[in-house]
Amino acid sequence: GREYDAAASGGAEYFRRACALQDAALELLRVAVADRISVISTQIQDALNLPKVPLKADKLEASLVYTRFHGISKRSNKLITIARRRLDALGDGSVAAVGYEDLLTLCRNTYCGAREVLLTSTVRNHMDILKERHGLVGMTRLASVFLIRLCTVETALYLDFFGDPDKRRHPRKALKGSVQTNDEGKSEEGDEDKEERNQEAAATRRQQHNNTNNNNNNNNKKKTQRKRRSKAKNREPAPKDFNPSTASRDAASPNPTTSETEPAIPGPLTTPKAAHSTSETAARIPATRTRRTGAIQRKEESTDRLGSFA
């Protein structure tokens, strides 16, 4: 058979065109990421007169130093992700991978240099102010808090540019009891731990709901018991030897043998006032009979006297 001829087959021409397209893609990525970061940094320096006039520390996060970079972070991250995936697909031993490695390094260096220029004067000026106002010990204490906050914000901004979006959206599954660290530096627990914690939270909510229902039932029972006790107190208890039939008969027709001082027993529906009037009536009846008997006797005596005179 015939030997393979690269020139005749056109392989060299395809390779040349592939290299040219790759260089064009790398150039577009460089302009879209590295050059844009440099342009934004220059615009911020001109607008805020940095580094000649440092910013105040309490106004740093709300200034253009962060807002402008946040504005370009999403698109830059998408382009850097394309270059990173292409580098992973080519592998470390590929000749074409060198261009992508150089591009990513250039973007990182450009970003870090721009952030250093924008923050150095402000941080140094704030440290000097703390030292003048609070001394070395006070400066150390307050500067530690300030630098921790600054590093946290800068780490989040760096991950907005160069972080892997897949890892941030879909964290890897961890074993029970293990703890992972995501791109933002925050610890993440395993899926089994999260499920167990959710079950415990659900059980706690059910227990709280049952306790609330039990408390409401107990309160309703107590209210009902208090109402019954108040009604029972308002009622006047009847005497132990109370007989409704005898009391009603005695009240209608009192017994002549009853003593004048013996009160009448009220009936089941007789109020205390009515019972008192009934007892007075029963006490007056014997006295009325006595007065009538005396009048009859006096009339008979006067009749006998008149007859004796006649």
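Colleague: Hi! Where is the place of Arg141?

Modeller: Arg141 sits in helix α4; helices here are DSSP runs of H or I with at least four residues, numbered from the N terminus. Bear in mind that this is a predicted model, where local features need pLDDT of at least 70, side-chain atom pairs count only at pLDDT 80 or more, and totals for chains, interfaces and linings use all residues. Residues are numbered from 1 along each chain as its sequence is written, and side-chain values use heavy atoms, leaving out hydrogens and water.

Colleague: Got it. Is Arg141 buried or exposed?

Modeller: Arg141 counts as exposed, because its relative accessibility is 54% (buried is under 20% relative accessible area, exposed over 50%, partly exposed in between, with a 1.4 Å probe and protein chains only). Its C-alpha atom is separated by 9.7 Å from that of Leu130, 11 residues apart along the chain.

Colleague: And Ser121, buried or exposed?

Modeller: Ser121 also lies in helix α4, and at 12% relative accessibility Ser121 counts as buried.

Colleague: What is Ser121 in contact with, leaving aside neighbours within four places in sequence?

Modeller: Leu50, Pro51 and Pro54; contact means heavy atoms within 4.5 Å.

Colleague: Switching topic: at what angle do α2 and α4 pack?

Modeller: Helix α2 (residues 11-48) and helix α4 (residues 97-162) pack at about 25 degrees, with axes 5 Å apart. The axes are lines fitted to C-alpha atoms, for helices over the stretch in contact, and angles run from 0 to 180 degrees between N-to-C directions. The two helices are therefore roughly parallel (under 35 degrees; over 145 is roughly antiparallel, 65 to 115 roughly perpendicular, and the rest oblique).

Colleague: Which residues make that contact?

Modeller: Among them are Leu26, Val33 and Ile37 of α2, and Leu103, Leu106 and Val117 of α4. The contact residues divide into 15 nonpolar, 6 polar and 1 charged (Ala, Val, Leu, Ile, Met, Phe, Trp, Tyr, Cys and Pro count as nonpolar, Asp, Glu, Lys and Arg as charged, and the others, Gly among them, as polar).

Colleague: How about α3 and α4, what angle there?

Modeller: Helix α3 (residues 64-90) packs with α4 at about 140 degrees, with axes 8 Å apart, so α3 and α4 are oblique to each other. Residues of this contact divide into 22 nonpolar, 4 polar and 6 charged.

Colleague: Last one: how many disulfides does the structure hold?

Modeller: The structure holds 0 disulfides, a disulfide being a pair of cysteine sulfur atoms within 2.5 Å. As for cysteines, Cys19 is partly exposed at 29% relative accessible area, and Cys151 is partly exposed at 47%.
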